[in-house]
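Q: Hey, I'm new to this one. Could you walk me through it?

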Amino acid sequence: MNGYELITAVDDKRWGTVVGQEDDYVVVEHGTLRKHRYAVPKASLAVDENAREVRTTLSGELIGESPTVDDGFDREAVARHYGLGDIGEAGVESTSGLPDESPALLGDRLSDVRDER
């Protein structure tokens with residue numbers, strides 16, 4: 001997948017270029033002058049081999065707000081950002097639940113709607 005273009009399905013825009021893979025994530029480089037690298041979960045991707053594109057269901061804004069992986073890959077911080085739960089040392093998701101502060105979660109917003117019924 002290296003060299004493939006990452007396209008956000010939300011607005012159908014080119015967001016960056018895949019430059020590597022790390023566990024269950026692809027590393028995407030974004031920017032023109034000041035390039036940064038971000039991890040995007042493979043579960044959110046659809047690969048088009050013929051077009052050499054990778055499409056994601058995530059918005060560019062959500063990816064851009066995620067922790068950069070320029071100076072190292074902090075798997076736990078990236079997982080928390082995308083609402084994938086806490087990943088322990090063995091790479092196993094904890095059963096303690098998902099973090100409330102993750103922008104990828106809808107739990108708090110949906111729970112407010114359910115309480116009003």
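This is a predicted model: local features need pLDDT of at least 70, side-chain atom pairs count only at pLDDT 80 or more; totals for chains, interfaces and linings use all residues.

Q: OK, and what is phi of Asp-12 near?

A: Phi of Asp-12 is near 55 degrees, which is a positive value in a residue other than glycine.

Q: What about Asp-23, where is that and what is its phi?

A: Asp-23 is in the loop between β2 and β3. Its phi is positive too, about 55 degrees, although Asp-23 is not a glycine.

Q: Is Asp-23 buried, partly exposed or exposed?

A: Asp-23 has 49% relative accessibility, so it counts as partly exposed. The cut-offs are under 20% for buried and over 50% for exposed.

Q: Let's zoom out. How many strands form the sheet, and in what order?

A: There are 6 strands in an open sheet, ordered β4-β3-β2-β1-β6-β5, and the pairing is mixed. At the edges are β4 and β5 (45-48), each of which pairs on one side only. From one strand to the next, the twist averages 35 degrees.

Q: I clicked on Thr-56. Is it buried or exposed?

A: Thr-56 belongs to strand β6. With a relative accessible area of 1%, Thr-56 is buried, because anything under 20% is classed that way.

Q: What does the side chain of Thr-56 reach?

A: It reaches the backbone nitrogen of Leu-58, at 3.2 Å. Setting aside neighbours within four places in sequence, Thr-56 also contacts several residues, including Leu-6, Val-40, Leu-45 and Ile-63.

Q: Which residues touch the most other members in the largest nonpolar core?

A: Leu-6, Val-28, Val-40, Ile-63 and Tyr-82, out of 20 residues in that core. At least two core residues come from each of β2, β3, β4, α1 and α2. The largest share, 4 residues, is from β3.

Q: What is Leu-6 in contact with?

A: Beyond its neighbours within four places in sequence, Leu-6 contacts a set of residues that includes Trp-15, Val-28, Val-40, Val-54, Thr-56 and Ile-63.

Q: Last one: where is Val-69?

A: Val-69 is in the loop between α1 (60-64) and α2 (75-81). It has 11% relative accessibility, so Val-69 counts as buried.

Q: And which residues does Val-69 touch?

A: Not counting residues up to four places away in sequence, Val-69 touches Val-27, Arg-37, Tyr-38, Ala-39 and Val-78. Val-69 and Val-28 are 41 residues apart in sequence, while their C-alpha atoms are 9.3 Å apart in space.

Note on methods: Residues are numbered from 1 along each chain as its sequence is written. Side-chain values use heavy atoms; hydrogens and water are left out. Buried means under 20% relative accessible area, exposed over 50%, partly exposed in between (1.4 Å probe, protein chains only). Contact means heavy atoms within 4.5 Å. Two strands pair if DSSP finds at least two bridges between them. Axes are lines fitted to C-alpha atoms, for helices over the stretch in contact, and angles run from 0 to 180 degrees between N-to-C directions. A polar contact is a pair of N or O atoms within 3.5 Å; within protein, one must be able to donate a hydrogen and the other to accept it, and residues adjacent in sequence count only if both atoms are side-chain atoms. A nonpolar core is a set of buried Ala, Val, Leu, Ile, Met, Phe, Trp, Tyr and Cys residues joined through side-chain atoms within 4.5 Å.
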